[in-house]
Each structure stands twice: as structure tokens, then as C-alpha cells.
Amino acid sequence: MEKYMDKYRLLMENMMDGFAYHQIVRDESGTPMDYIFLDVNPAFEAITGLNRENIIGKPVTEVMVKIKEGFDWLGVYGQVANTGKSVRFENYSESLDLWFEVSAYSAEHGYFASLIRDVTESRRMKESLVASETRYRRLFESAKDVILILDAETGEIINANPYLVGMLGYPEEKIIGKTIWEIGSLKNIVASRDNFLTLQQQEYIRYENLPVETADGREVTVEFVSNVYLEGDRKVIQCNIRDITERKRSELFQNLSAEILAILNESGDFHEMIQRILRTIKSATGFDAVGMRLQKGEDYPYYEQVGFSDDFLRTENTLATRDASGDICRRADGSIGLECTCGLVISGNTDPSNPMFTKGGSSWTNDSFPLLGIPENEEIRLFPRNQCIHQGYASVALVPIRKNQHIIGLLQLNDHRKDQFNHDAITVLEEIGTRIGEALARKQMEDSLKKRLDELEAIYSISSTLRTAETLDEMLTLMLDETLNVLDTDSGAICLYDPAKGHLGFTATQGWVNEFDDVFIKPGEGIAGKVFASGQVVVSKEYGKDPLVKYAEKSPKGWGGACLPLRAETDVVGVIFVSVPLPREITAEELKLLASLTEMAGTAIHRLGLYEKNLRHLDQIQALRNIDMTIASSMDIYVTYKVILDEVTRMLSVDAAAILRLDPNTGMLKYEAWRGFRSVNPSKLNLSMGEGLANQVAMERKSVQIVNLREVEENYGHMPFLKKEEAHSYYAVPLINKGRVEGVMEILHREPLEASKEWLEFLDTLAGQTAIAIDNADLIHNMANTNLKLIQAYDNTIQGWSRALDLRDKETGHHSQRVTEMTVNMASVMGVSVEELGHIRRGAFLHDIGKMGVSDNILLKPGPLTDEEWVIMQRHPLYAFEMLSSIEYLRPALDIPYCHHEKWDGTGYPRGLKGDEIPLAARIFAVVDVYDALTSDRPYRKAWSSEKALEHIRQGSRGHFDPQVVELFLKEVGEWLD
């Protein structure tokens, strides 16, 4: 028995499956309530995670508390223990996330054993296989490629996906069991048994761009791939057939687009270019007919086409709605209607919501017959329109050609086959239409540029010549010469309008037109006047017979020509005549050339006019600036007069000018300055009130303008003087400033002078500047006099204060006067400026002004001062500062009153300044003041001799006094004494 037990134990411990032995626990009625763990093997522990020591002898409800939830373990195991019938099943454990295969059996009533095997991996592999099979079936059935499964041995079709019907039109039931070479055009794929054997051997075959006919006779292009593989133990062949018709069509049109773009980028004749494009489209697509419509007048005929019949073109070449006589019909607003679908596309009246039209404005169909309800196999009915349908074109595309976003025509592609277009193809064609429109625009521009180049070459010499002209007259003469050379004629003229005179004058003439160089024409008179007034070109076959010509008698017989307006920007400024001899007449092309020339001439006139005007304006500004600078910088009015008169005669281009001043006391005008007079000195000529033209200007405050002085009475004012100067024209303007007449400015010219508005305005400006200069000079003169008187009054006041101080201090001999003169002389020798000398003079006079704040008891005390009295006495420089610093005029003179008691060594008062800290004026004055004090009598002593005083000063050098000042003083005083 032990032997068997050992084998049992050994078997249990080495089993791969989990083993457990249990005893069923029942209630009183015999129903299983629990089961107890009696034994488990190590595999059970490993699979369940339960420890043997913790579960043996324990009921399962204690070990596994959730045993009664979910699967009925107690019921199943109780049935096995009760009946002895074994069970086998699979169960999933959520807690372990594992699938188990469980086997239970009973060898003894009330007991059972269970075997547990982990089948999670196999279970998941089985589920994955089922899912893969499901996915394959879905892919197989929903694929947009035809998939055929063949028996690799026999070639019979054993399976096919539903797309077989959609793409090739063969139902599955008609091909299962047949070989692939028995199915319609598929026989072309594997053409023989030999090819099939090759497939069996190589196990792979691929065909690209393979044409295949569908069950209904359509041709599609496919890509065919087949390979061999095992399906279980069976070898099968899988054939994948993909419809690449749309892709190939798109590629075709993309390649076609590249070819067309290459053609469009070439240079050459546009008509030939379009022919090449249409032939390229027809060749690449195999379409029956292609054409291009372009606008011509109000209609859109075929500009070029390939493949359309004469019958087709007779009906379809015109799109405009016409009446029975062939005339274009018009709507009430004057617009025309365009017929057919072509008319809808060209007019842009397409509806993008209609599948027949695109957002790009194209129309296309792969089956045109249903559009008229014509059965496919019935005879096509003939109608006036819709020849595309009536002549059997199933596939039709109408693509707009655009130039600068405007539709100017269309590209048309027709084919008797159905299904020749797709959306990609139409998109490419729309791009081609846009590129053709751009090429047409470019070509038209090139043609226009070529014509323009011819014109530019013709007028190149004119342009080059005009750039060299410096004046308007020179430019117009050159312009006329070159224009006549270009037109190979020798007679013509240019007339410009003079707004001041109100007429046209012949500015430049050549040939027989020279007879008109002294003729003036008003606007509206003759051909020139009419062209100028209307701005319209007038062509005359023969001037001598033209009723518009004002001076027909001056026009030679047999000469005609044209007259064109000259415009400077928007204004007509003149006209140009060109004359040619009969039978020659001015052609339309020559008129275009002349239009270009006149446009250029007008621009040149405007440019040169602006240039000359700007030069004049800049010159005027510079002249006024010169006058302003002179007014601002010169104190001499006669210098200002000279500058003004120089600028007046230069800027106004006149011979003579003068400035007359008005004496407000006598009312007489006197010549103060003049320029350009020849015979008489105007300074001797004074005009009494009311006498002469100048007095008239001053009294009336208005300008006088006389173009011809001969019309003025001989004895009028100073007329003899003016006529003696041979003056022909006379202008005078009042000089008014601040409402007051300061005088008159006269202008004399020895030739007729008709002044322009601009000339007169500048004269007024110059007169205004002159009046300002006179007023400014008077103001400066008055201010100078006033200032001089004020300064004299100040200085007299200061000297009065000085004398009062001397009297109070009982000084004798004019002490302040002496020290002032000596200090100023010393400062002058030391290089002090004239302006500073004035301040020093006033400071010296006021040097003791601060003593006014010291009482007489101290100031006039005959004996020595006490310490307290000295303190008070030493405050007098501070009193001086307080008294004078508030007076702006005397503030620069404070150095001496405030600092003349400071000492070089810093022991002075009131601030104890030292060395160069002491102002130079105070250092000079200190030496002079001590010298004068020592050499003057005082109440408490007699005067010292000069020698003794000088020795005292020499000893005070570097202590009391500035050594440099002392050295200079000793030298200067020595010279004075000598």
C-alpha cells in the first residue's frame, strides 16, 4: 500500500496540470453547501496562487469567498461527487485573467478530484484566427479590386468577390467552376494553358496597363497581379484585378497639359500654336474632334478645329442668336444672346449644382444622348442645334478659355465613345483653358508691343533729341523737325496757347507754314482753334479748299494733312500741324504714330514747363532768402537796398529798378537806391506829393502797370526822366508794411514787357520784403538811439551815486573818478574786452556802495575802529551785493563792489577767496584802490608819497595782492610818474 501511495504522491507532484482532491459538504436535505480541500499538488498552487498549508482541511467558501458568484461550482462538483459522472468544461477567471480547462471525476461517493489546465494561449489563438478570417472575408467582399481564387492544379475559379460584377459585369454564379481563360476577355490575361503552367511554376505573374473588355462591351484598363499560396493543405492562386482606367486617364491629361504648356511657352505665330495644341490633344486622346472658339466681334466662331465635318460647322460655327436674314438679334438692353450649351459656358451662365457643369464653368458629359431623350440605337433626329448629339458624339467637354478672369472663348473636345472624361481630366482641361487664355493675352500683348516698338523706333530719335533740349522753344523746334522727318515731309507747325494773351501762336514752323509764323488764332477759330477747343483730331484732304481754314489764301494748292491736340496731362496746351502733298493723305497708322508723338510732346512740354517753373520758383526762393538774410544780418539799409535791387533786376529780367522812400513829414518821395539807370542821378530827383506815377502809386496804394510809356503824357511828373532812360514799359508797386506806406518800387524796361500773373505776384512779394527791410532798418535805428540814451542815463546815475559816496566818506579830489580811470586803464592793458571794460567802469564807480549800510559813527570815526566796529565795517561788500544783484543791468558789475577787499592769500573779506578765485577786476581794483588811498589825505593821516605807496604795494605782492597785477601796476605807474 505504501508503494502505491508513494507512486501517487510522485505522480501528483510532477503533474503539469493542477490537481485537487475535495470532500463535498451537504445540508440536511443533501444539497451541496461547500467542499473541503483534502489535497492539492504543486501545479495547483502555481496556477491558482493558493498555498497548500493555508487551504488543506478548509472549506472552499472560506478560502475563496466569492466562489458562489458567477459559475455554479458547488452544483457542478456536487453532481460529480453524488453521481460519479465525470465533467469537462472551460471557464474564465476574471481575477487571474486566464482561461482554464477543468476536468472533474469521483472514485468515491461524496468525494471528487479536479484537474485544471491553463488554456489561455490556445484560446486566444483560436479567437485571433476567427477574427482574422472575419477580417479577410470582409476585405475580400468589400475590396474595390476584383479578387479571384483559383485551384492551383486545375485553374478553376473556386471563389470570387462581389466587385467582379461591379467592374467587369460578370456575376459570381456564372464563373465559379470555370477556368480563367474561359471568361470572356479574361482569356487575354492567361491566353493559354502554357501561360497557366508558367504561373504554376513561377507562382507570380503581373500585368500593367492591360486592356480588358467588360461584359457589356466597354473597355477598361486594369492592373493584374496573381500569386500562389497554400490555403490549409490546398495550393490556390489568388488573382487581383484593379481598374486603373481613371488613373490612366488622369495621367494622360496631366501629360497632355505638360505638352501643351511647353507649346504655349514657345514663341511663334499664335494661330500655328493653337493648331499644334489641337493636333496634340487629338493625337494623345484619340478623340474624334477638337476645336477652339474665340471671340470675333460679337460672335464666337471656331478659331481653329480638327475633326468636325463641314455640316457640323455650318450649323455650329456661330453662337449669336440671329434672325432669318442672318442679322444678330438683340435684347432690350442691347446685349446679344448666345445659343447652345457653348453659349452658356461662354456667357458664364452655368449652374454648378447641375452635374453637367463644374465650379470652373465647364460643361461635360460621358453620354450625351439622354440629354435629348434619344434612344441609343435609334436614328438621330436633325435639329438646328445640338449637332454634337445629332452627329453621335457621346462624350463632350466644353471648357472656358479665360483672359484676365474674363471668358473669351472655349476649348471643345468631342468623341463618339462614352466615358472619356472624369473630374480630374476636366480640371486639367480647365487649367489648359486658363493657360491658353494667358498665352493669348501674352500674344496680343506681344503684337501690341511689336506695333508699339515700331512706333518707338520711329520716334526714338525724337525722344533722344528732346532730352537734350534745355528750353521750351528749343524743344518744340526739335520736336517739329524730327516729326516731319519721321513722316517724310517738310511742312508743319506747332502752336501753343498763351493764356495771358488768350490766343494760339505759331511757336515752331517749317516749310510753307512759315508764312503763318506771325499769325495768332483764338480758340474755336480755324482748324487750329477748333482742335484746341475740342481736343479732337481734324484731318484735311487739302487745306486750301477746307472751309475750316482761316487763312486759306496762305495755304498752297495740293497740300493737306492733319492737326492734332497737344495735351499736358489733361489740358490741351496747343496743336501740331503736319502737311503732306497730294495725292498722299495721312493714314490711320500715321495718325496713331502722330498720336504717340503728340502724347510724348505734351508730356515733354509739361515736364519742361514744370522744370522751368520749378527752377524759377527755386530761384525766387533763393532770392527771397538772400534778401531775408541781408535784412537779418545787416545794420546798413543801403546794403539791403543793393541786394534787393540786384535780385529784382535779375529775377524779373528788367533793365532798371529803384526804391523811393516816402518822407512822412513832407509827403515827398525821394530816390534812395537804384540800379540800371544810365543818364541821370536819381538822387537829385524828388517827387512832391501828387506828382508823377510813383506818387499815384503811394497815394492810391495800388500798383501801376504801363506796357507802353508812349501812351502817357509827356509832361506827367517825372516822365521826361523816364523817357530819357528810354523806358518802354513801367511798373510800380507801393511798399506797404503794417498798413503804412513806406515808399514805392519802380521797374523800368527798355522793351515791351507784358507781365504774367506769376511775374506780378513775385514783384509784389519783393515789394513786401523791401517794405519789411525799411521798417526793420527804422526800428533798429530807433532802438539803437533809445538804447544809447538809456545807457548814458544809467552811467550818469551811477556817477552821481559815486560822487554822493565820496562826499559822505569825506573823500577829496574825486577818489572814485581816479580809481575808476586807473582800473579801466589797467584792465585794458591786460586784454579785457571792450564790453567787460564797461562793467568794470561801473563796478569801480560803485566800489563803496555798500558803505551806505554803515552808520556815520563808524564810517567817519577819526580814530581806530574797535573790533565790533570792524565787524560792521567788513559787512559793506555784502551790503553792496544785496543792493546790486537784484538790478540786472548792474549784476555784471558786482565783482569789484563785492570782492575788492579779498586778499591773494585768502585772508580778506567777506568770503575769504584766495588766488584766482578772486575775479580779475577785483584784483586789479584792490591795487589801484590801496594806491589812491595811500597817496590821498585822510582825517587821521597825511598822504604818502608815490614811492612809499608803491613800496608798500610791492611788499604786499603774493600776500595782499595778485603778483602779476602788482608787477604790471608798478610798471604802468612808473611810466605815468615819468
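**Salt bridges, burial and cysteines**

Author: A network of salt bridges links Glu431, Arg435 and Glu438. A salt bridge is a side-chain nitrogen of Lys or Arg within 4 Å of a carboxyl oxygen of Asp or Glu. This is a predicted model, in which local features need pLDDT of at least 70 and side-chain atom pairs count only at pLDDT 80 or more, while totals for chains, interfaces and linings use all residues. Residues are numbered from 1 along each chain as its sequence is written, and side-chain values use heavy atoms, with hydrogens and water left out.

Reader: How many salt bridges does a search of the whole structure find?

Author: The search finds 23 salt bridges. One of them joins Arg88 to Glu101, with the closest N and O atoms 3.0 Å apart. Arg88 belongs to strand E3 (residues 87-93) and Glu101 to strand E4 (residues 98-105), so this pair ties together parts that are 13 residues apart in sequence. Helices (H or I, at least four residues) and strands (E, at least two) are DSSP runs, numbered from the N terminus.

Reader: Are Arg88 and Glu101 buried or exposed?

Author: Buried means under 20% relative accessible area, exposed means over 50%, and partly exposed lies in between (1.4 Å probe, protein chains only). Arg88 counts as exposed because its relative accessibility is 58%, whereas Glu101, at 17%, is buried.

Reader: Which residue meets Asp97 in a salt bridge?

Author: The side chain of Arg124 does so, at 3.6 Å from N to O. This pair links distant parts of the chain, with Arg124 in helix H6 and Asp97 in the loop between E3 and E4, 27 residues apart. Arg124 is partly exposed, at 41%, and Asp97 is also partly exposed, at 39%.

Reader: What does Thr120 touch?

Author: Contact means heavy atoms within 4.5 Å. Not counting residues up to four places away in sequence, Thr120 touches Asp97, Leu98 and Trp99. Thr120 lies in helix H6 (residues 120-142) and counts as buried, at 5% relative accessibility. A polar atom of its side chain lies 2.7 Å from the backbone nitrogen of Trp99.

Reader: How many disulfides does a search of the whole structure find?

Author: A disulfide is a covalent bond between the sulfur atoms of two cysteines. The cut-off here is a pair of cysteine sulfur atoms within 2.5 Å. The search finds 0 disulfides. For Cys342, the closest cysteine sulfur is that of Cys340, at 4.7 Å, which is too far for a bond. Cys342 is buried, with a relative accessible area of 2%.

Methods. A polar contact is a pair of N or O atoms within 3.5 Å; within protein, one must be able to donate a hydrogen and the other to accept it, and residues adjacent in sequence count only if both atoms are side-chain atoms.
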